[in-house]
2 protein chains.
Amino acid sequence: MKLSVNQATVKRASLPELVDACARHGVEGVGLWREPVREHGLDRAAALVERAGLTVSSLCRGGFFTGEDPRLDDNRRAVDEAAALGARCLVLVPGGVSGRDLAGSRARVGEALGALAPYAADAGVRLALEPMHPVFCADRGVVSTLAQALELVGPHDGVGVVVDALHVWWDPALEASVAAAGADVLSYQVCDWTTPLPADVLLGRGLPGDGHIDLVGLTSLVRAAGYTGFVEVEVFNEAVWELPADHVVAELVKRHATGWEPVVDGGHDRLPATP
Amino acid sequence: MKLSVNQATVKRASLPELVDACARHGVEGVGLWREPVREHGLDRAAALVERAGLTVSSLCRGGFFTGEDPRLDDNRRAVDEAAALGARCLVLVPGGVSGRDLAGSRARVGEALGALAPYAADAGVRLALEPMHPVFCADRGVVSTLAQALELVGPHDGVGVVVDALHVWWDPALEASVAAAGADVLSYQVCDWTTPLPADVLLGRGLPGDGHIDLVGLTSLVRAAGYTGFVEVEVFNEAVWELPADHVVAELVKRHATGWEPVVDGGHDRLPATP
């Protein structure tokens, strides 16, 4: 799999800085986020990545379907933006539990996918539903397992799933679910689960190889399922954000070359030293 | 179901203070922890709860089976302590992932249960394996779902499971798994999932009724599975710990009487005001 660097991993870098770092280190893919793309200007961003020969492996993010308003207008705009960028998929975050009604909230995700799928198909954009770690079930994602995500996307053409190591690594059914996903895997994202968790659990992600996740094993499963797309590194980590983008990208290239072998067996929270 | 108050809910109260508060408010069960019991003296603690007519609905905790040393000696001591207290069950925490090998770590839990079950049976103590929320998979509990826990305890007589609302509420298979558990449910614990999570995710538990969990629904499932034991309130929450034990127990009695109806629909982080 080719390497892609998600923009959130080097959140403090500008889009041109990220593109430059990728060019310098031979990285061929980037994962983008709507807000910084909008800040740079959608058309300018599309032109910038195209000129650099980069593929946009994913655009983050649409979704949040579980409230009173399933935000379909905003999601259609996200589809348009993904189309303009030529993104391989638009990542959809399910949304959190509404009114303590998990079953109802999950059903709303399915309904919203049904409403959005034809629009995305017309635009030539593939939608990728992201099952999220159960720690986010209350406030971000009521779809907690890959199997559950596959059930929800099943009825809709052109809709698939994201396999994000952080969200799925703990799942007892992981092996079977990845195999079942097959061609429905539209995006494969990696980072690592480090302990102790930081104060903001959202930022509890280490660089791949620094934590408890068997990324070598998961990558094999995803490859065996037939996935041939990018492996995208998406890390939310304050210490990584402090590092220059160029340094982070170089480190990721090095780690990618090892197939995400653990950096030090049993070692956690190991970040690249500032140069 | 009768109410039981877990000692951790009023962690800063002494055992006699907890027993007094239960007596004053007509609570018939307590969940105890090994460390404070040891501090009070095991025999004295057993005599104290017996004199007060209290049932020890659970003793926390044994387990942590996944390391190089499965700690069987300490677990046998925990069994002895549970027997001395006449506890309805000994709660077993699985232990976190060892060396990135989830499958191997989970297998170790099964082996340890096999090694411990005959000793517990001889002592007349029932072992209750606790499936834990996946947020704890790395460092505390590799058993992440009730179905997985049932698979592990299945082969062993006298070994069952804990259903703790916090750990299982997000599970898409919850309804089926609770039904399948049936008489294997040895302990039912409640608290609530509140957002935003505090800095220490271990303390992200609200009083039942204050958060996102459908406790009315879960309690129905547990009752329908044939469970007739105590409903034990186990809350780790800094703000609750600041309150006098008597006040907390009174509040729990009030909430228990409503069947754990949400305190305010959609309200979160609502704690009883200090008197």
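Author: Let us start with a strand pairing: β7(B) and strand β10 (residues 231-233) of chain B run parallel and are joined by three bridges. In β10(B), B:Val233 is the bridge partner of B:Val190. This is a predicted model, in which local features need pLDDT of at least 70, side-chain atom pairs count only at pLDDT 80 or more, and totals for chains, interfaces and linings use all residues. Residues are numbered from 1 along each chain as its sequence is written, chains are lettered from A and ligands numbered from 1 in the order in which they are written, and side-chain values use heavy atoms, with hydrogens and water left out.

Reader: What makes strand β6 (residues 159-164) of chain B and β7(B) a pair?

Author: Two strands pair if DSSP finds at least two bridges between them, and β6(B) and β7(B) have four, in the parallel sense. B:Val163 stands opposite B:Tyr188 in β7(B).

Reader: Why is β7(B) (residues 185-190) called largely enclosed by the rest of the structure?

Author: Buried means under 20% relative accessible area, exposed over 50%, and partly exposed in between (1.4 Å probe, protein chains only); six of the six residues of β7(B) are buried, so the strand is largely enclosed.

Reader: Why are α1(A) and α11(A) called oblique to each other?

Author: The axes of helix α1 (residues 15-25) and helix α11 (residues 245-257), both of chain A, cross at roughly 40°. Angles under 35 degrees count as roughly parallel, over 145 as roughly antiparallel, 65 to 115 as roughly perpendicular and the rest as oblique, and α1(A) and α11(A) are therefore oblique.

Terms used: Axes fitted to C-alpha atoms, helices over the stretch in contact; angles between N-to-C directions. Helix = DSSP H or I, 4+ residues; strand = E, 2+ residues; numbered from the N terminus.
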